[in-house]
Amino acid sequence: MQITASAVSLNVADPQASAQFLIDHLGFTEKMAADGFVALSRADAGMDVIYLRTGLGSFKPARIGGSAGEGLLIVFVVDDIDREYDRLRAEGVPIETPIETEEWGERYFQMTDPNGVVIQLVQWVC
């Protein structure tokens, strides 16, 4: 097997709102879109992000078609966490968790998109 691309797909009430958040604040671009569907990419992200509107009849398997699950984070590693934190705060992005540094060298903060999806930026400082 050869994997040629990766993506995470999330069910949200308003796919366009979550997509616009990543476009406006994290530099993603829209790859494709249709009613209830938006796919985003960024060359250096290592994966695409897909948003699907909750309740789409085409979603399979239907038993998992609800909202994005509890405990789910989208995590991106960055090279200057402090710069990104200052920039995003200045842009008015809702910060869920201010910058923290874990004893194992993970320096991070978390923000929340318009659908409540938590996005975490990380810099490894060990």
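Select Phe 109 to begin: at a relative accessible area of 0%, Phe 109 is buried (buried means under 20% relative accessible area, exposed over 50%, partly exposed in between, with a 1.4 Å probe and protein chains only). The model is predicted, so local features need pLDDT of at least 70 and side-chain atom pairs count only at pLDDT 80 or more, while totals for chains, interfaces and linings use all residues. Residues are numbered from 1 along each chain as its sequence is written, and side-chain values use heavy atoms, with hydrogens and water left out.

**Aromatic pairs**

Now select Phe 28 and Phe 76. Their ring centres are 5.5 Å apart and the planes stand at 55°, so this pair is tilted. Phe 28 sits in the loop between α1 and β2, and Phe 76 in strand β5 (residues 73–77), so the pair ties together parts that are 48 residues apart in sequence. Helices here are DSSP runs of H or I with at least four residues, strands are runs of E with at least two, and both are numbered from the N terminus. Phe 28 and Phe 76 are both buried.

Return to Tyr 85 and Phe 109, which form an edge-to-face pair with 5.0 Å centre to centre and 70° between the planes. Tyr 85 belongs to helix α2 (residues 81–90) and Phe 109 to strand β7 (residues 106–112), so this pair ties together parts 24 residues apart in sequence.

**The four-stranded sheet**

Next, show β1 to β4 as a cartoon. These four strands make an open sheet in the order β1-β4-β3-β2, and the pairing is mixed (two strands pair if DSSP finds at least two bridges between them). Strands of a sheet pair through backbone hydrogen bonds, either parallel or antiparallel. In the order just given, which strands stand at the edges? They are β1 (7–12) and β2 (29–34); each has a single partner strand, so one side of each is left without a neighbour in the sheet. From one strand to the next the twist averages 20°.

Zoom in on β2 and β3 (residues 37–41). They pair in the antiparallel sense, over five bridges. Select Glu 30 and look across to β3, where Leu 40 is its bridge partner.

Helix α1 lies across β1, β2, β3 and β4 (48–53), and runs at about 155° to β4. Axes are lines fitted to C-alpha atoms, for helices over the stretch in contact, and angles run from 0 to 180 degrees between N-to-C directions.

Within β4, pick Asp 48. Is Asp 48 buried or exposed? Its relative accessibility is 15%, so Asp 48 counts as buried. Leaving aside residues up to four places away in sequence, Asp 48 touches Ser 6, Ala 7, Val 8, Lys 31, Leu 40 and Ser 41 (contact means heavy atoms within 4.5 Å).

**Salt bridges**

Colour the charged side chains. Nine salt bridges are counted (a side-chain nitrogen of Lys or Arg within 4 Å of a carboxyl oxygen of Asp or Glu).

Asp 44 is exposed, with a relative accessible area of 57%, and Arg 42 is partly exposed at 34%.

Then move to Arg 83 and Asp 80, joined by a salt bridge of 3.7 Å, N to O. Arg 83 is partly exposed at 45%, and Asp 80 is partly exposed at 27%.

Continue to Arg 87 and Glu 84, where the N to O distance of the salt bridge is 2.7 Å. Both residues lie in helix α2, three residues apart, which is about one turn of the helix. Arg 87 is partly exposed at 29% relative accessible area, whereas Glu 84 is buried at 14%. Select Asp 79, Asp 80, Arg 83, Glu 84, Arg 87 and Glu 91 together: salt bridges that share partners join them into one network.

**Last stop**

Finish with Gly 55, in the loop between β4 and β5. Gly 55 is exposed, at 63% relative accessibility.

How values were computed
Phe/Tyr/Trp six-rings, centres within 6.5 Å; stacked < 30°, edge-to-face > 60°.
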